[in-house]
Amino acid sequence: MTRSPIAPGDSIDASDLVVAEVRLGDQTDLYAGSVDAIPEGAVATRAVQEGELLPMSAIGQAAEVPLRPVVIPVAATVAESVAPGSTVELWHTAPATDESGDAQAVLLVPDAVVRRIDEGSSLGMRSMSVEVLVPSSSVHEVLEVLSKDERLDVIGVPGAHGLAP
């Protein structure tokens, strides 16, 4: 089973795993039964949570991961549901374009995966950021928002991937 969360694209090696004795019956071939079952250069093709048995279906090569890492700067702390390996939504709030002054929030990416959280420095010199894995088809939209220095929020999805609601 996994020692800590493993994000898609992260390499998998013996230090990521803990030995556990389990009876899987006829499901044995669905999980990595030993470190030897993990091929050289293997990466996670999906998020695997801490304490989860490592499914063979989550083991692959880097070219099989359809996600790309993007670092999102955040102005304030994020919710507890935003943790490595969790699924998050990326919401874009564009500045108001009409006389009403109302900003419009749009769901930009409904299924990003958190890879890392950088809390920033204690001196306030560096702000907090969240590295997320975004589907390749959405990277251009995320980069456009970031290039305009517009608001992009990382919103946790409670209950996703084993997180408590």
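Two strands are said to pair if DSSP finds at least two bridges between them, and strands themselves (E, at least two residues), like helices (H or I, at least four), are DSSP runs numbered from the N terminus. The structure is a predicted model, in which local features need pLDDT of at least 70 and side-chain atom pairs count only at pLDDT 80 or more, while totals for chains, interfaces and linings use all residues. Residues are numbered from 1 along each chain as its sequence is written, and side-chain values use heavy atoms, with hydrogens and water left out.

In the model, 5 strands form an open sheet with antiparallel pairing, in the order β3-β6-β5-β4-β7. The edges are taken by β3 (67–73) and β7 (151–156), each of which has a single partner strand, so that one side of each is left without a neighbour in the sheet. From one strand to the next, the twist averages 45 degrees, where axes are lines fitted to C-alpha atoms (for helices over the stretch in contact) and angles run from 0 to 180 degrees between N-to-C directions. The antiparallel pairing of β3 with strand β6 (residues 129–135) extends over 7 bridges, and V70 stands opposite V132 in β6. Helix α1 (residues 139–147) packs on this sheet and touches β3, β4 (87–94), β5, β6 and β7, its direction making about 20 degrees with that of β3; contact here means heavy atoms within 4.5 Å.

Side chains of opposite charge can pair when their charged atoms come close. A search of the whole structure finds 5 salt bridges, a salt bridge being a side-chain nitrogen of Lys or Arg within 4 Å of a carboxyl oxygen of Asp or Glu. One of them joins D10 to R115, with the closest N and O atoms 3.0 Å apart. This pair links distant parts of the chain, since D10 lies in the segment before β1 (43–44) and R115 in strand β5 (residues 104–118), 105 residues apart. On the scale used (buried under 20% relative accessible area, exposed over 50%, partly exposed in between, with a 1.4 Å probe and protein chains only), D10 is buried at 17%, and R115 is likewise buried at 19%. A network of salt bridges links D10, R115, R116 and E131.

Another salt bridge brings together the side chains of E52 and R46, at 2.9 Å from N to O; E52 is partly exposed, with a relative accessible area of 25%, and R46 is partly exposed at 31%. R151 forms a salt bridge with D153, the closest N and O atoms lying 2.8 Å apart, and R151 is exposed, with a relative accessible area of 52%.
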